[in-house]
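Hi there,

Here is the structure I promised to pass on to you. Have a look at it first, and then read my notes below.

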Amino acid sequence: MFLLLLVLTGVNAQDSTVKKYGQLVTAADLKEYLTIIASDALEGRKTGSRGQKMAAAFIAAHFEEHGLQGPVNGSYFQPVTLYTSGIPEVAFTTGGAALKENDEFAYFGSGDTGGLLELPLVFAGRGAEGDLSQVDVKGKAAVAFLEADASLRNNPTMARLREKEARLVVLVMNSDEDFKTMAGQLRMFAGGRMSLTKGSASANLGLFLLSPTAAGKIFKSTPEKLKKSADDKALAKVKPSTLAVTVSQKHKEIKSDNVLGFLEGTDKKDEVIVITAHYDHVGMRSSGEGDLIYNGADDDGSGTVSVMALAKAFAQAKKDGKGPRRSILFMTVTGEEEGLLGSQYYADTNPVFPLDKTVVNLNIDMVGRRDPQHKDSAPYVYVIGSDKLSTELHTLSEDVNKKYTNLIFDYTYNDQNHPERLYYRSDHWNFAKKNIPIIFYFDGIHEDYHQPSDEVDKIEFDLMTQRAQLIFYTAWEIANREKRIVPDAK
Ligand SMILES: [Zn+2]
């Protein structure tokens, strides 16, 4: 009886310790940090901008103030060099005649041919399976009609042509009018795409679009005849031609940083838990009316300041002699909005701590708001990915929530086949790719997503605090349990 009582006392003491530190994650702190991170002065924190560098300096100063270590040779900054493509210069000549950009053809991509590229040009109908058994597109420029109403994103025709190893994919719009509309839209996205490499003379040369009239011209035919050949599967009727194309890019170097604060564990310090959020956002509109600054208070100011608050709480525990057994890396990453680039740089090529000692990644991307589906809901959070690689992690996540926070866990977006594909859309994905168990915390898609109206005054700080505390308790449990969380056997 006495012994049992001792054990119970022990457990309770442990619980109250955890809660004591969890409660150091406060709405007041979150609000104070976010008011700075999402202020207009930081100009939307576009990767490489001065506003983003101000955010980086603020986060690093916070880590320093709370006694975290800079793990990158003593620094809090891990430099990440990125390259922005300029507006590509494109020439498209067929049968000796140059087509006019934006009138007859449009280009979308950040490829580079590294000089003049000459290719046989073949007509591939609608690029369907049946068409591709009639015509060999390998190593050639393949021209195919776009399926009606198909979007260019993840376009199946394009995918099939690439699969058959077409060197260049040229899609023909169904009407000249459609072409004009699409070309106008593509121009708005031309250039300015960031990547980790210069992508020169790249294998993927991007996508060319043609107006049907131009396609007729290329094959010395008419749009109607071409369509008929496609419909009749009579592709041999269309004589191949040749294409000479150049795409050239001038790349600008962008200097940016991941910002890392490290808290060393005690008896299991070689094992590391990585808690991430991206501190970049999409910057400013260059012209126009009204509010031009994309403050990104929710995306992902909310995650960034949650990481800062967790760092402070864990650091205090350590000062009091209650520090975590495993180490914790608090990492705010750059380039997420450009394609998860900062976390890719870390996980693919430059991990500061060995990936095989990296136990879990907890990623926080948008935790300060409600989506319309949860307008009147009790406190909730979308939990994504917890069961994908480690059943243990999933169970722990559920248990911790039941014990400490009792949020509603919404698993809607956990489905890898959900059309929003959220499992692939934030920084945790770069860890999941390496078979490191992850959890991604998310509040949903709301009307201010990627709008200048994603502002601090729309954040629900009490709800956000509960979510941040949940992540604190989850990290605490992972850091302090006897056995390391491991991925399921495959
Ligand atoms: Zn985000």
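This is a predicted model: local features need pLDDT of at least 70, side-chain atom pairs count only at pLDDT 80 or more; totals for chains, interfaces and linings use all residues.

Residues are numbered from 1 along each chain as its sequence is written.

Helices (H or I, at least four residues) and strands (E, at least two) are DSSP runs, numbered from the N terminus. Two strands pair if DSSP finds at least two bridges between them.

Tyr-83 has Ser-195 in E8 as its bridge partner.

Axes here are lines fitted to C-alpha atoms, for helices over the stretch in contact, and angles run from 0 to 180 degrees between N-to-C directions.

How do H9 and H13 pack? Their axes are 10 Å apart, at an angle of about 50 degrees. That makes H9 oblique to H13 (under 35 degrees counts as roughly parallel, over 145 as roughly antiparallel, 65 to 115 as roughly perpendicular and the rest as oblique). From H9, the contact is made by Ser-302, Ser-306, Ala-309, Leu-310 and Ala-313, and from H13 by Met-464, Ala-468, Ile-471, Phe-472 and Ala-475. Two residues are in contact if their C-beta atoms, placed from the backbone, lie within 7 Å. Eight of these contact residues are nonpolar, two are polar and none is charged (Ala, Val, Leu, Ile, Met, Phe, Trp, Tyr, Cys and Pro count as nonpolar, Asp, Glu, Lys and Arg as charged, and the others, Gly among them, as polar).

H9 also holds a detail to look up: Asp-300 is in this helix, and the peptide bond from Asp-299 to Asp-300 is cis, with omega near -10 degrees.

**The eight-stranded sheet**

A second open sheet, also with mixed pairing, has eight strands in the order E3-E2-E10-E5-E6-E7-E9-E4. Strand E3 (97–98) and E4 are the edge strands, each pairing on one side only. Helix H6 (residues 176–188) packs on this sheet, where it touches E4 and E9, and its direction makes about 35 degrees with that of E4.

Which way do E4 and E9 run? Strand E4 (residues 105–108) and strand E9 (residues 207–210) are antiparallel and joined by four bridges, with Tyr-107 opposite Phe-208 in E9. Strand E7 (residues 168–172) pairs with E9 in the parallel sense, over four bridges.

**The two domains**

The protein is divided into domain 1 (2–82 + 253–480) and domain 2 (89–249), with bounds from an automatic or database domain assignment. Taken over C-alpha atoms, the centres of the two are separated by 42 Å.

Happy exploring!
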